[in-house]
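I opened a new model today. I wanted to know how its inside is packed.

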Amino acid sequence: MGDFTGLTALVTGGASGIGRATAELLAERGARVAVLDLDPSPVGPPLLPYRADVADDTSVREAVASAVTALGGLDVLVNNAGIGAQGTVEDNPDAEWHRVLDVNVLGMVRTARACLPHLRRSAHAAIVNTCSIAATAGLPGRALYSASKGAVLALTLAMAADHVREGIRVNCVNPGTADTPWVGRLLDAADDPAAERAALEARQPTGRLVDAAEVAGAVAYLASPLSGATTGTALAVDGGMQGLRLRPEPR
C-alpha cells in the first residue's frame, strides 16, 4: 500500500528520462499509470502506453480519452513532455520559436484541457508541470528554452488560481540540469563532451547533475494526496543552483 493506492495518473513524455522515472515511481507507490509519448514502444507493464503528439490537439484528446477509459478515471496529470533549444535570441528563426513554444507551452495547455473534465470528478486531483531552473535563473545560450519554461511557470500559477476552488491542485517542479537522454545528446554533440559535462556539473552547487529519479520524487510529493495543502508552488530540484551562492573553495 502506498499514498497513490487506488489512484490513476497520466504522464506525458513518459517513455524516457524524467517522465519514465516519474511514471515508474507512481506505479511503485500504488497508482495505475498511463504514459503518453511520441514513441511509447519502450514502455511495458504495469505502465499503459499510448501514442500522442502534444503538438496536435486531436492526437492528445484521443490518447487522453483512451487512457482514461482504460484507467477508469483520472486523478493525476504530470505534464512532462517537452523539447530543448539552444541559442541566444539571434540564433533561432521564428519557425523554431513557434515549434518550441508549441510543444513546451501549448502542449501542456492541450493536455490539461483534455484532462480537466476527468480531474474534476476526482477527490484527489493534481496537476504537476515540468518546468526548469531556466524559468528563474538566467542561463547563457538558452533564450528560447528559458522563455518557454518561464511561460510554464506563469501558466502553473494561473492554473492553480483558476482551479483551486474545483479541488484541483496545480504545481510545478524546476529541475536543474538533469542527467537525461536529451542532455546526453547535447554532451555527445559538444567539441569536448567531458569538459562540457564538467562545466555543467560545476554550475550546480552539489557538483553533479540532477538524477531523473530525484525529479520524479519531487513530482510524486506534489501529486500525492499527502500534499493536499500545496498548490501554486514551484519546487526546485536543482542541486541548490537557484538559491545558493557559494564562496570559492579555499586553496
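This is a predicted model: local features need pLDDT of at least 70, side-chain atom pairs count only at pLDDT 80 or more; totals for chains, interfaces and linings use all residues.

Residues are numbered from 1 along each chain as its sequence is written, and side-chain values use heavy atoms, with hydrogens and water left out.

Entry: cores. I looked up nonpolar cores, meaning sets of buried Ala, Val, Leu, Ile, Met, Phe, Trp, Tyr and Cys joined through side-chain atoms within 4.5 Å. Buried is under 20% relative accessible area (1.4 Å probe, protein chains only). The largest core has 34 residues. Leu 10, Leu 36, Val 64, Leu 119 and Ile 127 have the most contacts inside it. Strands S2 (32-37) and S6 (169-175) and helices H2 (57-71), H3 (94-119) and H4 (143-163) each supply at least two of its residues. I took helices (H or I, at least four residues) and strands (E, at least two) as DSSP runs, numbered from the N terminus. H3 gives the most, with 8 residues. I also found a second, separate core of 30 residues, which includes Phe 4 and Val 43.

Entry: the helix pair. How do H3 and H4 lie to each other? Their axes, lines fitted to C-alpha atoms over the stretch in contact, come within 9 Å and cross at roughly 20°. H3 and H4 are therefore roughly parallel (under 35 degrees, on a scale from 0 to 180 degrees between N-to-C directions). Among the H3 residues that meet H4 (heavy atoms within 4.5 Å) are Trp 97 and Leu 116.

Note on methods: Buried means under 20% relative accessible area, exposed over 50%, partly exposed in between (1.4 Å probe, protein chains only). Angles under 35 degrees count as roughly parallel, over 145 as roughly antiparallel, 65 to 115 as roughly perpendicular and the rest as oblique.
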